[in-house]
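Subject: Structure for you to look at

Hello,

Here is the structure I promised to pass on. Please open it first, then read my notes below.

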Amino acid sequence: MDDRSVQAHSFGPVARTYERGRPGYPTEALDWLLPGGRPRVLDLGAGTGKLTRGLTERGLPVTAVDPSEGMLAELRRVLPAVDTHQGSAEHIPLPDNAVDVVLIAQAWHWVDRERAVPEIARVLAPGGRLGILWNVRDTAAAEWVDRLGTIIGGEEGREPAVGPPFGPVETAEFRWTDRVTPEALLDLVASRSRVILLPADVRAAVLAQVRQLAATHPALVGRTGFDLPYVTECARAQLP
């Protein structure tokens, strides 16, 4: 596997950490991404179900697909009623015209778009929608968040290009905050692919710096919880 594939498949062993540390997604983003009615939704690259639960809370019929059996096992633990399948954006284990919406959260940068776009179009009903979203730390909103980025590195590249047979891509951004504890902040960092794949001693040093930030920064010191600001970047495109 190339470096991107290695990173994309690194999450399974830390599925429980991912579940504890990663944020969900704001209601406003889902309002913008989803059409009206009661669409059948595929959560593609579902991970441990961070997006899935927001969809099930709306009473929508949801299918979750992820390449990692470890991540799906965690999703089944927290959302046992959801239909799950092991698969990828390039090989979706669903029949033609199976869903009305495909949503991909935190994962579009991992896919081979040349193969994934026609495969996603195959499982969508005519007029179906592809929605892509990322939670991005808002480093401009708080100095300590900028410091965190210096310690752990920037966000992965985000380019919502789709192409035929989909129509033009529309984009939107939604600002919000996630309430986190110092322990959840560590889990957030420890669940990043770049950190997962570091040598053990380097990974330990990175986590030690995050602990020090939480213990000493004036905005965080002595607090049991604090607001981590995010921008949720969204894109959507329709089939004819």
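Start with strand 4, where Val 102 is the bridge partner of Leu 42. The model is a predicted one, so please keep that in mind throughout.

Strand 1 (residues 41-44) pairs with strand 4 in the parallel sense, over three bridges. Strand 5 (residues 124-137) also runs parallel to strand 4, and six bridges join the two. Here Val 101 stands opposite Arg 129 of strand 5. Together with helix 6 (residues 113-123), strands 4 and 5 make a right-handed β-α-β unit.

How many of the seven residues of strand 4 are buried? Six are, so strand 4 (residues 99-105) is largely enclosed by the rest of the structure.

Next, the aromatic rings. The structure holds two aromatic pairs. Trp 144 and Phe 226 form an edge-to-face pair, with 5.4 Å between the centres and 80 degrees between the planes. This pair links distant parts of the chain: Trp 144 is in helix 7 (residues 143-152) and Phe 226 is in strand 7 (residues 226-238), 82 residues apart. Trp 144 has a relative accessible area of 4%, so it is buried. Phe 226 counts as buried because its relative accessibility is 1%.

Trp 176 and Tyr 230 are stacked, because their ring centres are 5.4 Å apart and their planes are at 20 degrees, under the cut-off of 30 degrees. Trp 176 lies in strand 6 (residues 170-180) and Tyr 230 in strand 7, so this pair ties together parts 54 residues apart in sequence. Both Trp 176 and Tyr 230 are buried.

Lastly, Arg 236 lies over the face of Trp 32, at 4.0 Å from the ring centre.

Regards

How values were computed
Residues numbered from 1 in each chain as written. Predicted model: local features only at pLDDT ≥ 70, side-chain atom pairs only at ≥ 80, totals over all residues. Heavy atoms only, no water. Phe/Tyr/Trp six-rings, centres within 6.5 Å; stacked < 30°, edge-to-face > 60°. Helix = DSSP H or I, 4+ residues; strand = E, 2+ residues; numbered from the N terminus. Buried < 20%, exposed > 50% of the residue type's maximum accessible area, 1.4 Å probe, protein only. Lys NZ or Arg CZ within 6 Å of the ring centre and 35° of its normal. Pairing = 2+ DSSP bridges. Right-handed = clockwise from strand over helix to strand, strands pointing away.
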